[in-house]
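Hi everyone, thanks for coming. I'd like to walk you through one protein chain today, so please have the picture open as we go.

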Amino acid sequence: MFQLLVFTSVAALVLADLHPQPRYLEDSLERVVGGEVAQPNSWPWQISLQYRAGSRYRHTCGGTLIERGWVMTAAHCVDSKRTWRVVLGEHDLNNPSGREQISAVSRVYIHPRWNSNSVSAGYDIALLRLSSEATLNPYVQLGSLPPSGQILPNKNPCYITGWGLTSTGGSLSAQLKQASLPLVDHRTCSSSSWWGSTVKSTMVCGGGGAEAGCNGDSGGPLNCLVNGKYHVHGIASFVSSLGCNTPRKPTVFTRVSAYIDWMESVSIDF
């Protein structure tokens, strides 16, 4: 299991004096807070990112299948030297259904401006090139990305998905969970009584109440309903050190629509 990661940079400590200190959503002890177990494969673009530990692999982050050979996740999930693999079509980490597809990761592309010492600076996005392309079927599908620059309105319906606990300190479940996190617009989320200047315009917030993302959901999608279809508008990035579901400290995501041009520059043909 990963040790909980927190900021160590001077800038982050200064921010922490004014606003609750963010932490990565990576620790495998705590994940989706609240919510419910999703129907198997109802979010068919959700993947489990796993690293090799001895003779086995362990889940550490989520991600989104965006092309048959490409996965989108958070930079902080993959900025260490490890052997990675991606499991598609996953639902229960402990009980294979036969629907899973497993692929090694042949190359990791991290945004060049990512700074591992300051997640609040943004750029928490990475692309993974798979060693084998996914076979699309009812259980494995591509996530739909938003148009470049698109900003959704306050309270737009969205869901976070990921594996883990239903409450901080609660019991662990290996089944994929979902939780409703209505979008919080940037004006609200960056106000002084919410996240303040910690939240940048290249980020998007969701929730701020009883339900939240938590450690272990990193890299996973914020699925937002637009014109009757779910699009992946966020990549789970960080939460408050005061607690994952602290009021007015919603889960913070990398805003996908701010990075479409960069993703295209990595030669992905959307």
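This is a predicted model: local features need pLDDT of at least 70, side-chain atom pairs count only at pLDDT 80 or more; totals for chains, interfaces and linings use all residues.

The chain has 270 residues, and buried residues make up 56% of them. Its secondary structure comes to three helices and 15 strands. Now take the contacts between residues with a separation of 6 or more: 73% of these join residues 24 or more positions apart.

Let's go to the second largest pocket. How many residues line the second largest pocket? There are 15 of them, and I151, L183, M203, V204 and R255 lie nearest the centre. The volume of this pocket is about 160 Å³.

The largest share, three residues, comes from strand 12.

Which strands sit beside strand 12? On one hand, strand 11 is joined to strand 12 by two bridges, and the two run antiparallel. Find V184 there, and you will see that V184 stands opposite C205 in strand 12. On the other hand, four bridges join strand 12 to strand 15, residues 251–255, again in an antiparallel arrangement. In that pairing, M203 has T254 of strand 15 as its bridge partner.

Strand 15 has another pairing too. With strand 14, strand 15 pairs in the antiparallel sense over four bridges. One example is G234, whose bridge partner in strand 15 is R255. As for how covered strand 15 is, five of its five residues are buried.

You will find T161 in strand 9, residues 158–163. Why does T161 count as buried? The cut-off for buried is under 20% relative accessible area, and T161 counts as buried because its relative accessibility is 1%. The T161 side chain makes a polar contact of 2.5 Å with the side chain of Q46. A polar contact of 3.5 Å also joins the side chains of T161 and N223.

Next comes G220, in the loop between strand 12 and strand 13. With 1% relative accessibility, G220 counts as buried. Leaving aside neighbours within four places in sequence, G220 is in contact with G62, G63, G234, I235 and A236. Take I235 from that list: G220 and I235 are 15 residues apart in sequence, and their C-alpha atoms are 5.5 Å apart in space.

V78 is in a loop as well, between strand 5 and strand 6. V78 is buried, with a relative accessible area of 5%. Apart from neighbours within four places in sequence, V78 has contacts that include L49, W84, V108 and I110. L49 is 29 residues away from V78 along the chain, and their C-alpha atoms are separated by 9.4 Å.

K155 has a positive phi of about 70°, although K155 is not a glycine. Look for K155 in the loop between strand 8 and strand 9. At 64% relative accessibility, K155 counts as exposed.

The other residue is R248, also not a glycine, with a positive phi near 65°. R248 is in the loop between strand 14 and strand 15. Is R248 buried, partly exposed or exposed? At 43% relative accessibility, R248 counts as partly exposed.

How values were computed
Residues are numbered from 1 along each chain as its sequence is written. Side-chain values use heavy atoms; hydrogens and water are left out. On a 1 Å grid over the protein atoms alone, a cavity is a set of points where a 1.4 Å probe fits but cannot get out, and a pocket is an open set with protein on both sides within 12 Å along at least five of seven lines; lining residues have an atom within 4 Å of a point. Grid points are joined across faces, edges and corners, and a volume is the space filled by probe spheres set on the points. Buried means under 20% relative accessible area, exposed over 50%, partly exposed in between (1.4 Å probe, protein chains only). A polar contact is a pair of N or O atoms within 3.5 Å; within protein, one must be able to donate a hydrogen and the other to accept it, and residues adjacent in sequence count only if both atoms are side-chain atoms. Two strands pair if DSSP finds at least two bridges between them. Contact means heavy atoms within 4.5 Å.
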